[in-house]
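Visitor: I would like a close look at a single part of this protein. Please take me through it step by step.

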Amino acid sequence: MSLKSKNPTNTIAWKKLKTHFEAIKNEHMSDWFKTNSKRAIEMSLQWDDFFLDFSKNRINSETLSLLQDLAEEIDLSDAISKYFNGDKINKTEDRAVLHTALRSPKDAKVLYEGVNIIPEISEVKSKINLFSKAVIDGEIKGFTNKSFTDIVNVGIGGSDLGPSMVVDALSYYGNHLKVHFVSNVDGDHVNEVLKTLNPETSLFVIVSKTFTTQETISNATTIKRWFLQKAAPCDVAKQFVAVSTNIKKAKSFGIDTQNIFPMWDWVGGRFSLWSSVGLTISLAVGFEHYEAMLKGAGKMDVHFKETSFEKNIPVLLALIGIWYNNFFKAESEAIVPYTQYLNQFATYLQQASMESNGKATDRNGNKVNYQTGNIIWGEPGTNSQHAFFQLIHQGTKLIPADFIGFSKSLYGNKDHQDKLMSNFFAQTEALLTGNTKEIVGEVSDLSIIPYKIFEGNRPTNTLFIEKLTPESLGKLIAMYEHKIFVQGVIWNIFSYDQFGVELGKNLADKILKEFHEDLDIKHDSSTENLIQRYKSFR
Ligand code: F6P
């Protein structure tokens, strides 16, 4: 069964939220903290090794209860069970959305079209386990009988961003293998990577759900050509493996059927790191760590599925996000992890969130008359403090931000960790309080005061996690996946297709043909001029 459809703006809760917004929109959070000494306790929750403080938001208990009413009126619970039960909630592509099945325990039962898919998932996981172990231990060798030193993940979008973000995030847990990522069709990208590699000791993992994506197939072909300068065609099978649903195309590329790691159409590209797309992760950090990450995500799934809305982390974050997006009209959301390991986290979430909820047609096929997916961006602290924080503090835009911090550092450098965390706490406090006359104190030049004083009242969530481990990372990623799901349900859109991306791809194919042949394709005059200009230079 597909998801129910209801315009959220027609609910009673939405109307009440609108009135409530008018009543509290100018209130300052600092005043709420002064009048309610329990605010921080009331608006925070502990779950496993996660502590979420959402008290520095422009919400009060009434806001929260109305937002929860909205979720009830939309029948979020029904949507959650359809999501986990494998209903075809990706209606526009006639598919289920079952990445959660990939992190279910071995003895779970998840039916897809009447068949339990868990045994098949376990089989693929054992294959990943055996293969990665054999590569790490040097048992599988290249065409000159040397062990592998380098792994190259060739993919784009979900077939790149997930593995790349996680390999970076878990580099502390990494082994001797050097891992590289080639994604962009920009030939300079692949050439920069190739110049560091030895063809005898490099393993290429070609990751493409469809095995037709222009970028990936072009990069894989260029790499194969480079490889064949030193090796024979029969050696391709020894050093190229694939992750794909398209077995036929992967085989015709020269990959041994044994070395094709399957995927399923019920795993969306942007949620695929839990499937065989995670092969590169397993190679980089070992299967045990990869499995621990899956376990963490599985724990978050249970929390999301079984916890009442008022204590449910993904639901709360999603509702608070809707509050800013649809009532305060905030257009973007910043993700600021206080660990360099999560350097690629915001980029990863950009695809997960913006490819999912960047939609303007509702589940009835009508144009929406309200805002949907917002812009996700961010960088780790403290670097970002020296880059874009000024605008968050004093700019004209309201930018809600998620601060993600860890109590322990991985190498245990206390001095640095204390400095890092003091910044972590200082920033959310500064965003809350702003700079008051009292803080600024005496100044000799009074004309400077309007520049130095600012109001604060800038919202943040603080997610405080014990330590960055494979398991906590799994929980964190799954938390955002579910937040994205909840928002899509409430906005009444289909979160799991990506037709917008297709148009550009198709046009690029046509334009590419025009570079080689004289075709009579009509473009607007700007595009036509630009194409002609490029043609004159190439
Ligand atoms: O960006 C569009 C998209 O289809 C993503 O959803 C997907 O992750 C990416 O392209 C790569 O697709 P594939 O894995 O089929 O190469």
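Guide: Start with two strands. Strand 8 (residues 240–244) and strand 9 pair in the parallel sense, over 3 bridges. Here Val-243 stands opposite Phe-261 of strand 9. Keep in mind that this model is predicted.

Now widen the view. These strands belong to an open sheet of 5 strands, in the order 6-5-7-8-9, with parallel pairing. Strand 6 and strand 9 (260–262) are the edge strands, and each pairs on one side only. On average, neighbouring strands in this sheet are turned by 20° against each other, direction ignored.

Next come the helices. Helix 6 (residues 118–136) lies across strand 5, strand 7 (202–207), strand 8 and strand 9. Helix 6 runs at about 145° to strand 9. Helix 8 packs on the sheet too, touching strand 5 and strand 6. The direction of helix 8 makes about 165° with that of strand 6.

Stay with helix 8, which spans residues 187–194. Look at its start. There, a side-chain oxygen of Asp-186 reaches to within 2.9 Å of the backbone nitrogen of Asp-188. Further along, Val-190, Val-193 and Leu-194 are buried. Seen down the axis of helix 8, the buried residues fall within an arc of 100°, so they line one face of the helix. What covers them? The cover includes strand 5 (150–154), strand 6 (178–182) and helix 9 (214–227).

Last, step back to the whole chain. The domain assignment gives domain 1 (8–74 + 307–434 + 449–490), domain 2 (99–289) and domain 3 (499–537). The C-alpha centres of domain 1 and domain 3 lie 41 Å apart.

Notes
Residues numbered from 1 in each chain as written. Predicted model: local features only at pLDDT ≥ 70, side-chain atom pairs only at ≥ 80, totals over all residues. Heavy atoms only, no water. Buried < 20%, exposed > 50% of the residue type's maximum accessible area, 1.4 Å probe, protein only. Helix = DSSP H or I, 4+ residues; strand = E, 2+ residues; numbered from the N terminus. Arc of directions from axis to C-beta. Contact = heavy atoms within 4.5 Å. Polar contact = N/O pair within 3.5 Å; in protein donor to acceptor, adjacent residues only side chain to side chain. Domains from an automatic or database assignment. Pairing = 2+ DSSP bridges. Axes fitted to C-alpha atoms, helices over the stretch in contact; angles between N-to-C directions.
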